[in-house]
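Here are some notes to read alongside the model, for anyone opening it for the first time. They start with the rings and move on to the helices.

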Amino acid sequence: MKFIPHSYQRYAIERIISDPALGLFLDMGLGKTVITLTAVSDLRFNRWAVSRCLVVAPKKVAEATWSREAEKWDHLKHLRIIPVLGSAKKRIAALNTPGDVWVINRENVPWLAEYYRNAWPFDLVVLDESSSFKNPQSKRFKALKMVRGRIRRLVELTGTPAPNGMEDLWAQIFLLDGGARLGKTMTSFRECFMVQDASHPGQQYRTYSLQDGADRRIREAIADICVSMVAEDYLELPAFIEDVVPVALDVKARKAYDKLEREMLLEVDEQTITAGTAAVLNGKLLQLCSGAVYDTEGGVVPVHECKVEAFLEVVEQLHGEHALVFYWFQHERDRLLAALEGSGLRVRVYQGPDDETAWNAGQVDILLAHPASCGYGLNLQDGGHHAIWYGYPNWNLELYQQANKRLHRQGQPYPVISHLLVVQDGMDEDVVSALGAKGDAQDTLMRALKARIENARRNLV
């Protein structure tokens, strides 16, 4: 296929070529991969500016996305893309295979840095989804920081550079400029741009908020090394429609749900609830909504079938249209597979490139997928335009948005409809409300949980 770049793509390619360090914050669907590979090819073969390129990507993206993108375009077919995956022996063999671009999953960055140490060979490094390096305490960040001085060119790619707030930017920008713009340490960043929130009794961690005007100052500070583009400004994408499907629990299910929810809520004190306990409690309540929960030994305890029945009704109403179905817990996947057994539908669970190919070829009616396994890089727009959310990724707005963009992207000819199965008066409602608000989802859900705990205690009286 011949690549005819849009004007914004030409601009992004030129910036990668001209800038030794660049944050390319392009929205989902704008073609970050083809842009980057085009620039790499030019730098490697026309300008002799780089010799070895390393791409660090999420595992599923590393497995296939970069190789397939090179195969797709005529001007990139000459590139030798080498996946560095599998056992240590296989990774070492891949690193010693002649190529142009080596692609490794982000979990193996510490291993790679330790393997090469002072002999680090990659003069160009591309971080695909650089927001996964936002934690300065993570092993992957520290490993890359250790070899950063031996990297001549660094490109960071993401559509969501600050999914949980401006603090997420510090580590990513530090890798680009060594702290020149936002400070040498996270502490100095906070001193310059943030204020510490007032603590509460029992609170075991510090939280920070932006100073007035800090958002603007941060953006101005990094404007010269970051390119930010939003899809809506450059693409004529089809409509994206969220269809909330209310799920009513029958009398027996409601009684069981309310009893278990009350027991779970009363185990927690709303005055001292932390992000960790909130995540655990929220997960349990979402399991209740889905119809089953894990017991203390990891077994699955069925609670109700109401949500499964609502799911089957949505599938029936699609009248043969294909659907990408998102689940969160393993027992949700297993129960959906059991419910679809004997339906005559072609059902698959997404596990890798073969499932992506089959889906896009129209050979799959229902593709079950975990948002974390297919949230980045996959192009699934050719296989259908309906998504069904059976389970939700807690308060992870980034995963939710990325998963939706697997269908709602360039090349999708139809409006994309996302069907949200929402148990009424359940935790589903709070999660969907928080994700839809696109604000501080964690703060919203903390407030929602505290309200539910308070209500449960009040009903005891």
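1. First, a quick word on what counts as an aromatic pair: rings of Phe, Tyr and Trp (for Trp, the six-membered ring) pair if their centres lie within 6.5 Å. Keep in mind that this is a predicted model. With that cut-off, searching the whole structure turns up 15 aromatic pairs.

2. Why edge-to-face? Because planes over 60 degrees apart count that way. Are Tyr116 and Phe122 buried or exposed? Both Tyr116 and Phe122 are buried.

3. Ring pairs tie Tyr116 and Phe122 into a cluster with Trp102, Trp111, Tyr115 and Trp120. While you're looking at Trp102, check Arg52 too: its charged end sits over the Trp102 ring, 4.0 Å from the centre.

4. There's another charge over a ring elsewhere. Lys307 lies over the face of Tyr390, and the distance to the ring centre is 5.2 Å.

5. Now the helices. Take α8 (residues 186–193) and α9 (residues 214–222): their axes come within 10 Å and cross at roughly 125°. The two are therefore oblique to each other. On the α8 side, the contact is made by Phe189, Cys192 and Phe193, and α9 brings Ala214, Arg217 and Ile218. Sorted by class, that contact has five nonpolar residues, one charged and no polar ones.

6. Then have a look at α3 (residues 59–72) and α15 (residues 353–360). Here the axes of α3 and α15 come within 9 Å, crossing at roughly 55°, so α3 and α15 are oblique to each other. Which residues of α3 and α15 meet? Glu63, Ala64 and Arg68 from α3 meet Pro353, Asp354, Glu356 and Thr357 from α15. By class, the contact of α3 with α15 comes out as four charged, two nonpolar and one polar.

7. Finally, the overall picture. The protein has 19 helices and 17 strands, and 54% of its 461 residues are buried. Take the contacts between residues at least 6 apart in sequence: 70% of them join residues at least 24 apart.

Definitions and conventions:
Residues numbered from 1 in each chain as written. Predicted model: local features only at pLDDT ≥ 70, side-chain atom pairs only at ≥ 80, totals over all residues. Heavy atoms only, no water. Phe/Tyr/Trp six-rings, centres within 6.5 Å; stacked < 30°, edge-to-face > 60°. Buried < 20%, exposed > 50% of the residue type's maximum accessible area, 1.4 Å probe, protein only. Lys NZ or Arg CZ within 6 Å of the ring centre and 35° of its normal. Axes fitted to C-alpha atoms, helices over the stretch in contact; angles between N-to-C directions. Helix = DSSP H or I, 4+ residues; strand = E, 2+ residues; numbered from the N terminus. Parallel < 35°, antiparallel > 145°, perpendicular 65-115°, else oblique. Contact = heavy atoms within 4.5 Å. Nonpolar A, V, L, I, M, F, W, Y, C, P; charged D, E, K, R; others polar.
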